[in-house]
Amino acid sequence: MSHDLHAETRIACAGISTDTAHNSVSPPLHLSANYYWNDPCEKPQYDYARSGNPTRSQLEEALASLEGAAKGVITASGMAAVDLVFNLVKPGDLVLAPHDCYGGTHRLLTARAKCGHFNVAWVDQTDPVAFKAAFVRGPKLVLIETPSNPLLRITDIRAVVALAKDCGAIIVADNTFLSPALQRPLELGCDIVVHSTTKFINGHSDVVGGAVLAREAKLGEELAWWANCTGVTGAPFDSFMTLRGLRTLFPRIERQQMTAREIVEGLVQDGRVAKIFFPGLASHPGHEIAKAQQMGFGSMFSVEFAAGVDVLELLRRLKIFTIAESLGGFESLVCVPAVMTHASMTPEARAIAGISDRLVRFSIGLEHGEDLARDLFQALEHASVSGRGLRGGSCFEENEDAHLAAPGGSQEFSLKSAPPLA
Ligand SMILES: *Cc1c(COP(=O)(O)O)cnc(C)c1O
């Protein structure tokens with residue numbers, strides 16, 4: 001499809017009116033496992049669904065077009081996507097990975113390194129000195145994940161690309177937290193983007209899936225070869241559902257991040273909040289980098305509540321937010337990383353990573369912002385030892401001068417007035 005068209009148009013048009021059998025407008029779902037040959041000497045475009053399937057190809061092309069990739073591979077899950085890229089490294093090769101990467105990725109790399117498939121060095125990628133020092137060891141592959149989970153720490157993608165160029169390392173970016181609507185790492189010089197399409201891309205919390213997108217066709221073909229060889233390719237039905245979800249990516253993201261900003265704005269002024277982790281805040285350490293490499297600040301944020309707030313009670317009192325892991329869906333979710341997503345880390349490791357027991361992670365969905373804010377503040381009222389009496393406590397100083405700054409890029413927000421506080 002023409003790259004002169006805007007991304008929104010390319011998604012809306014993906015696969016539309018391509019059915020030559022019955023002229024269906026919306027592309028059909030091809031479930032067949034195998035495809036007939038007209039002649040034993042003429043291999044058809046598709047012969048067996050592990051290697052190729054028309055429905056999966058449509059999703060693959062749509063995602064490749066959005067990320068600016070030459071070739072994509074659709075996988076059965078985000079973890080299958082992450083694992084697929086590690087077929088590119090050999091025993092003895094070094095992989096640099098973020099010390100605060102997605103838990104499943106941490107488990108996978110630790111297990112593979114233990115089996116001797118490759119070596120792993122964990123680095124704080126937001127620390128330029130430590131990161132630069134790690135490059136001296138000559139990594140073969142560098143995995144980045146920005147913003148990180150759950151503290152929304154930002155890695156400078158352009159800086160990593162500059163460092164990796166010198167040693168010829170393959171740079172892989174996990175773009176799950178923002179989606180190509182808000183960040184396009186291949187355009188910033190990365191070689192490969194991976195996604196858990198389970199999150200924003202499908203956006204409807206009803207499919208587990210993944211994708212790997214390569215900037216160069218040669219690397220993409222190599223990954224597609226491995227995907228067919230190991231059988232990690234995605235199911236046709238999942239691809240059909242994911243393409244359907246993808247069509248509304250831009251309006252969903254736009255609305256979700258607008259609501260997230262409104263809620264953050266309400267929380268910034270609240271004395272029961274100790275710290276807010278949201279790259280849209282000018283006080284966030286990664287704010288300037290986020291502005292330079294993202295097209296928006298997204299709809300994920302985490303809040304460390306003050307000592308007087310019982311965060312477990314806060315979650316129990318919420319009526320609209322659902323207590324669940326995962327993110328990026330149409331429904332607003334809330335979790336306490338210390339007892340949920342990051343429970344497998346030791347308390348000491350969590351403390352070093354900056355994940356307090358009073359940290360709450362929010363994924364903002366498509367509900368009305370006023371209803372979400374009201375829900376949050378009524379729950380906060382119930383969960384606070386002395387209600388609003390905590391206002392002005394010493395913990396408040398940390399966000400006193402925080403304010404919402406305009407994001408970079410061409411996409412401007414129309415920030416509505418903050419919702420009424422319950
Ligand atoms: C969820 C997630 C994954 C894993 O994806 P699955 O679809 O659950 O296998 C990988 N990376 C990030 C950043 C994620 O959020």
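This is a predicted model: local features need pLDDT of at least 70, side-chain atom pairs count only at pLDDT 80 or more; totals for chains, interfaces and linings use all residues.
Student: How many residues line the second largest pocket, and which of them lie nearest its centre?

Tutor: The second largest pocket is lined by 23 residues, and those nearest its centre are Gly-15, Thr-18, Pro-54, Gln-58 and Glu-61. Helix 2, which covers residues 54-67, provides the largest share of this lining, namely eight residues.

Student: What classes of residue make up the lining of the second largest pocket?

Tutor: Sorted by class, the lining of the second largest pocket holds ten nonpolar and ten polar residues, together with three charged ones.

Student: How much space lies in the largest pocket, and which residues lie nearest its centre?

Tutor: The largest pocket contains about 870 Å³ of space, and its lining is formed by 37 residues, with Cys-101, Tyr-102, Gly-103, Gly-104 and Thr-105 lying nearest the centre. The elements that give two or more residues to this lining are helix 3 (78-85), helix 4 (103-114), strand 6 (192-196) and helix 12 (347-353), and helix 4 gives the most, with five residues. By class, the lining of the largest pocket has 14 nonpolar, 16 polar and seven charged residues.

Student: Which domains supply residues to the lining of the largest pocket?

Tutor: At least three residues of that lining come from each of domain 1 (7-246) and domain 2 (250-383), and these two domains are what the domain assignment gives for the chain.

Student: How many Å separate the centres of domain 1 and domain 2, and how many residues does the contact take from each?

Tutor: Taken over C-alpha atoms, the centres of domain 1 and domain 2 are separated by 27 Å, while the contact takes 34 residues from domain 1 and 35 residues from domain 2.

Student: How is the size of an interface often given, and what is the area buried between domain 1 and domain 2?

Tutor: The general idea is that the size of an interface is often expressed as the accessible area lost when the parts come together. Here, the area buried between domain 1 and domain 2 is about 2800 Å², and carbon and sulfur atoms give 64% of it. Of the area that domain 1 buries against domain 2, 26% is supplied by Leu-151, Leu-182 and Phe-200, which is more than any other three residues supply.

Student: What is the count of salt bridges between domain 1 and domain 2?

Tutor: Between domain 1 and domain 2, the count of salt bridges is zero.

Technical notes: Residues are numbered from 1 along each chain as its sequence is written. Side-chain values use heavy atoms; hydrogens and water are left out. On a 1 Å grid over the protein atoms alone, a cavity is a set of points where a 1.4 Å probe fits but cannot get out, and a pocket is an open set with protein on both sides within 12 Å along at least five of seven lines; lining residues have an atom within 4 Å of a point. Grid points are joined across faces, edges and corners, and a volume is the space filled by probe spheres set on the points. Helices (H or I, at least four residues) and strands (E, at least two) are DSSP runs, numbered from the N terminus. Ala, Val, Leu, Ile, Met, Phe, Trp, Tyr, Cys and Pro count as nonpolar, Asp, Glu, Lys and Arg as charged, and the others, Gly among them, as polar. Domain bounds come from an automatic or database domain assignment. Contact means heavy atoms within 4.5 Å. Buried area is the accessible area (1.4 Å probe) that two parts lose on being put together, summed over both. A salt bridge is a side-chain nitrogen of Lys or Arg within 4 Å of a carboxyl oxygen of Asp or Glu.
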